[in-house]
Amino acid sequence: MEKLLLLMLFSSAGFASEPSAERQNTLRNMLTNDCGACHGLTLKGGMGPALLPDTLAGKPDEFLAATILDGRKGTAMPPWRQFISHEEALWLIGILRKPES
Amino acid sequence: MTRLLPLLCFILSFNVLAELRATGDLGIVIEREKGNALIVNTTKHTQLAKIEKLGDLSHASVVFSRDERYAFIFGRDGGLSKIDLLQDKLNKRIIQAGNSIGGAISQDGKLIAVSNYEPGGVKVFSSDTLELVADIPAVYGEGKRSKVVGLVDAPGQRFVFSLFDAGEIWLLDLKNPKTPAIKKFLNTGKQPYDAVIAEGRYYIAGLFGESGLALLDLWNPEAGVKRVLPDYVKDDEKLPVYKMPHLEGWAVAGDYLFVPAIGKHEVWIIDKRQWKLIKTIPVLGQPVFVMARPDARQIWVNFAFPDNNQVQIIDANELSLAKTLAPGKAVLHMEFTPRGEQVWLAIRDDNRLAVYDTETLEEIARLPADKPNGIFFSARAHKTGL
């Protein structure tokens, strides 16, 4: 029973980190429009590098989340912390790693 | 039969007349996600045609042939499409690079130059056939290739462009297209992000990697590239930039230049007799386009995310803000009619275009468009740098 409770806690925590359907739409819209302005509509890159699964492979989630939230000094990548939470950044990284999902 | 001939001629000419279309008041609107180009009439506020499947137009720009019959569209994916405005159709389309940012048409209208990120460089094509005329790789350092930005045409069959990664400005002379002559200016400033040519004479690149602007006077290239407004914005004062300013519409009004600041929510007014900053105008966000109405009395400014639902208008006589408008969600681009009585706005997230009267500042028309991100009118055909 204790194990089950723990499991439920974990799964509900996992569930809670998923943005609401409405928020997901907003985030996807940001991805195509605002991220896409530099990284390309197809995410093959532009002023910024490509954000395709292959280019992101080997880069840990937390490294990518830090880049999204705090930007990258010396490049054109700005910090998005004011507009995106840590959980949302991780959710976006998930989308980038599995674009078909 | 001889009697019938004049009648026949009359009927024939009538048929031809019915199909005639002038192009001086036409334009192209880009639908970024669908990859479409709409042909619009700016007098009647109508859409005439939709040309589909032009690739990734998430960043796109357009130049026009000097006869204003053809529009050349530069897509993000390296696509170069030639649209026939008379016949509402795609004339020819090539993929000339992996990733590109914009282009220009030569003084004589015969050459189309494209600036590419990948592979970094400039390619030049015949505007007639889109066949390759010259290939200029942007090589710097030890064989590295730079992204190319801020490509403009200049008098004398020349093009000028900037190397983002190298911090260089190149002057390309194509009087003889088979043997291109390149003059390189090195160490002109870190990370030039875009550039503009003012009055066919001053090439000015905005810098992202350091403060100020790089200026090349094409009447006196021997003097080299000068730095304008150095150290104006300190690094620690810089605000995040959620979209790079575009300098193409840079506004010249008399002796003054109106310039989007970068990393500051300001428009700068520069006196171009001395290249000194004479005033800063605080605006509501990071300016993207700072564009003068053709008579230069008004300067229209749009903004980067998250302030892109508003537009501000500067009075060029008072040198102050005159009005703030809220046209809709995500105003990405503005284009004035040739003599400036109206301005068209591309409002991406509302899926429409809005037409404003520039005297009353009232909206006078709307047209549907799917995620529009660029508006280009054929009158650009006769303007250096557009």
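Biologist: Into how many nonpolar, polar and charged residues does the lining of the second largest pocket divide?

Modeller: The model is a predicted one, in which local features need pLDDT of at least 70 and side-chain atom pairs pLDDT 80 or more, whereas totals for chains, interfaces and linings use all residues. Residues count from 1 along each chain as written, chains are lettered from A and ligands numbered from 1 in written order, and side-chain values rest on heavy atoms, without hydrogens or water. Sorted by class (nonpolar: Ala, Val, Leu, Ile, Met, Phe, Trp, Tyr, Cys, Pro; charged: Asp, Glu, Lys, Arg; polar: the others, including Gly), the lining of the second largest pocket divides into 16 nonpolar, five polar and six charged.

Biologist: Which strand gives the most to the lining of the second largest pocket?

Modeller: A pocket is an open set of points on a 1 Å grid over the protein atoms alone, with protein on both sides within 12 Å along at least five of seven lines, and lining residues have an atom within 4 Å of a point. The second largest pocket, with a volume of about 610 Å³, is lined by 27 residues, and G249(B), W250(B), A292(B), K383(B) and L386(B) lie nearest its centre. Strands 18 (192-198), 22 (251-253), 26 (287-292) and 30 (331-336) of chain B each supply at least two lining residues, where strands (E, at least two residues) and helices (H or I, at least four) are DSSP runs numbered from the N terminus. The most comes, with three residues, from strand 18 of chain B.

Biologist: Which helix contributes most to the lining of the largest pocket?

Modeller: The largest pocket holds about 860 Å³ of space, a volume being the space filled by probe spheres set on grid points joined across faces, edges and corners. Among its 45 lining residues, H39(A), G48(A), P49(A), L51(A) and M77(A) lie nearest the centre, and the lining divides into 26 nonpolar, 10 polar and nine charged residues. At least two residues each come from helix 2 (21-39), helix 3 (53-56), helix 4 (61-70) and helix 5 (86-97) of chain A, and also from strand 9 (111-118) of chain B. With six residues, the most is given by helix 2 of chain A.

Biologist: What volume does the largest cavity have?

Modeller: A search of the whole structure finds two cavities of 30 Å³ or more, a cavity being a set of grid points where a 1.4 Å probe fits but cannot get out. The second largest cavity has a volume of about 80 Å³, and its lining, which includes Y193(B), E210(B), K238(B) and W268(B), divides into seven nonpolar, two polar and two charged residues. The largest cavity is lined by 49 residues, of which H59(B), I101(B), D194(B), H246(B) and F289(B) lie nearest its centre, and by class its lining has 26 nonpolar, 15 polar and eight charged. The volume of the largest cavity is about 840 Å³.

Biologist: Which three residues supply 34% of the area that chain A buries against chain B?

Modeller: The contact (heavy atoms within 4.5 Å) takes 23 residues from chain A and 20 from chain B. The area buried between the two chains (accessible area, 1.4 Å probe, lost on being put together, summed over both) is about 1,800 Å², with 55% given by carbon and sulfur atoms. The 34% share on the side of chain A, more than any other three residues supply, comes from N33(A), L41(A) and M47(A).

Biologist: How many salt bridges does the rule find across the interface of chain A and chain B?

Modeller: By the rule (a side-chain nitrogen of Lys or Arg within 4 Å of a carboxyl oxygen of Asp or Glu), the structure holds 24 salt bridges over all chains. One of them joins the side chains of D70(A) and R81(A) at 2.9 Å, N to O, linking helix 4 of chain A to the loop between helix 4 and helix 5, 11 residues apart. The side of chain A that touches chain B has 10 nonpolar, 11 polar and two charged residues. Across the interface of chain A and chain B, the number of salt bridges found is zero.

Biologist: Which residue is joined to F305(B) by a cis peptide bond?

Modeller: One cis peptide bond joins E118(B) and P119(B), with omega about -10 degrees, and P119(B) sits in the loop between strand 9 and strand 10 (120-126) of chain B. In the loop between strand 27 (298-303) and strand 28 (311-315) of chain B lies P306(B). With omega about 0 degrees, a cis peptide bond joins F305(B) to P306(B).

Biologist: Which residue other than glycine has a positive phi, near 60 degrees?

Modeller: The residue is found in the loop between helix 2 and helix 3 of chain A. The phi value near 60 degrees, positive in a residue other than glycine, belongs to L43(A).
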